[in-house]
Amino acid sequence: MTILVGRLWRVRADLVPDALWERVAPLLPPVPERRRRYLGRLRVPDRTALEGVMYVLRTGVAWRDVPAETVGCSGVTAWRRLRDWTEAGVWPRLHATLLAELRRANLLDLDDCAVDGSHCPGSERGDHVGPSPVDRARPGSKHHLIVDRHGTPLAATLTGGNRHDVTQLLPLLDTVPLIRGLRGRPRRKPRHLYADRGYDFDKYRRLLWKRGIKPMIARRGVAHGSGLGKVRWVVERTFSWLHQFKRLRIRYERRADLHQGLLDLACSIICLRRLSTSL
């Protein structure tokens, strides 16, 4: 019995480490008070509900299959809490907080950034779903990602699978939060932006120049070996980090905002890992 309890505790402790909970707890909305006493179930603690969310994010199981005896709450409770926290804007604020900590620790290199997109298969139902041109028009979504020189995710967005990467370039840049952490104006835009041939449009080069960003985009029809891949490869590695969270490999959530919330949470965990390993 002691060994079983110890294993369960280790599983729960690994799902939500203290470093993550210390940063999430101040951002959560206040718990509603129970004005009158009545018989019934007590509210599941927020940390336990977050453990349920993390369990689904890591393993990719359906919400109804969350083992309550291991995690401490049912999958329905975890889903409801994810819905409430997503609508309250918890995950973008958590991501911005961690980016500020990384900049304060001199672990962000915002001069050179890279962007790319990755297809995510899914069902036909839900928002931001469309036929994928690279998967025989099967329905799905697409993740758009911008990272710094080290591969730290700065922002991630969700669109339908039929949206071209270059059309989401400017909206993705607008999604990058104001990154504080140092005295002076907060940073948001990079100095150089690296991208592959899918972004090779002169119109968007001009738009980037107007924003004060130097486009470093590979040209179509030119032989490989431009050297841009020496910087651009980090965005591919970050996509592999994101896909380690099995819930993000396939678009299961019908609601796009909940999938976006899980995507922002995964980006925050990657930022926290970089912060923890560099201290």
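Is Leu-94 buried or exposed? The model is predicted, with local features requiring pLDDT of at least 70 and side-chain atom pairs counting only at pLDDT 80 or more, while totals for chains, interfaces and linings use all residues. Residues are numbered from 1 along each chain as its sequence is written, and side-chain values use heavy atoms, leaving out hydrogens and water.

Leu-94 has 0% relative accessibility and therefore counts as buried (buried is under 20% relative accessible area, exposed over 50%, partly exposed in between, with a 1.4 Å probe and protein chains only). This leucine is found in helix H6; helices (H or I, at least four residues) and strands (E, at least two) are DSSP runs numbered from the N terminus. Apart from residues up to four places away in sequence, Leu-94 touches Leu-20, Arg-23, Val-24, Leu-27, Leu-265 and Ser-268, where contact means heavy atoms within 4.5 Å. Leu-20 is 74 residues from Leu-94 along the chain, and their C-alpha atoms are separated by 9.5 Å.

His-259, in helix H10 (residues 256-278), is also a buried residue, because its relative accessibility is 0%.

Two loop residues follow. Asn-106 lies between helix H6 (90-104) and strand E1 (112-121), and its 67% relative accessibility makes this residue exposed. Its phi is near 60°, a positive value in a residue other than glycine. Most residues other than glycine have a negative phi. Gly-198 sits in the loop that joins strand E5 (192-195) to helix H8 (202-210) and is partly exposed, with a relative accessible area of 27%. Beyond four places in sequence, the contacts of Gly-198 are His-164 and Val-166. From Gly-198 to Leu-158 the C-alpha to C-alpha distance is 17 Å, at 40 residues apart in sequence.

How do H3 and H5 cross, and at roughly what angle? The axes of helix H3 (residues 46-59) and helix H5 (residues 75-87) come within 8 Å and cross at roughly 100°. Here axes are lines fitted to C-alpha atoms, for helices over the stretch in contact, and angles run from 0 to 180 degrees between N-to-C directions. H3 is therefore roughly perpendicular to H5 (under 35 degrees is roughly parallel, over 145 roughly antiparallel, 65 to 115 roughly perpendicular, the rest oblique). On the H3 side Asp-46, Ala-49, Leu-50, Gly-52 and Val-53 meet Ala-78, Arg-81, Leu-82 and Trp-85 of H5. These contact residues divide into six nonpolar, one polar and two charged, with Ala, Val, Leu, Ile, Met, Phe, Trp, Tyr, Cys and Pro counted as nonpolar, Asp, Glu, Lys and Arg as charged, and the others, Gly among them, as polar.

| Largest | about 290 Å³ | five nonpolar, two polar, six charged |

Of the 13 residues lining the largest pocket, Trp-63, Arg-247, Tyr-252, Glu-253 and Arg-254 are the closest to its centre. The second largest pocket is lined by Arg-41, Leu-42, Arg-43, Val-44, Thr-77, Arg-80 and Arg-81.

Definitions and conventions: 1 Å grid on protein atoms, 1.4 Å probe; cavity = no way out; pocket = protein on both sides within 12 Å on 5 of 7 lines; lining within 4 Å. Points joined across faces, edges and corners; volume = space filled by probe spheres on them.
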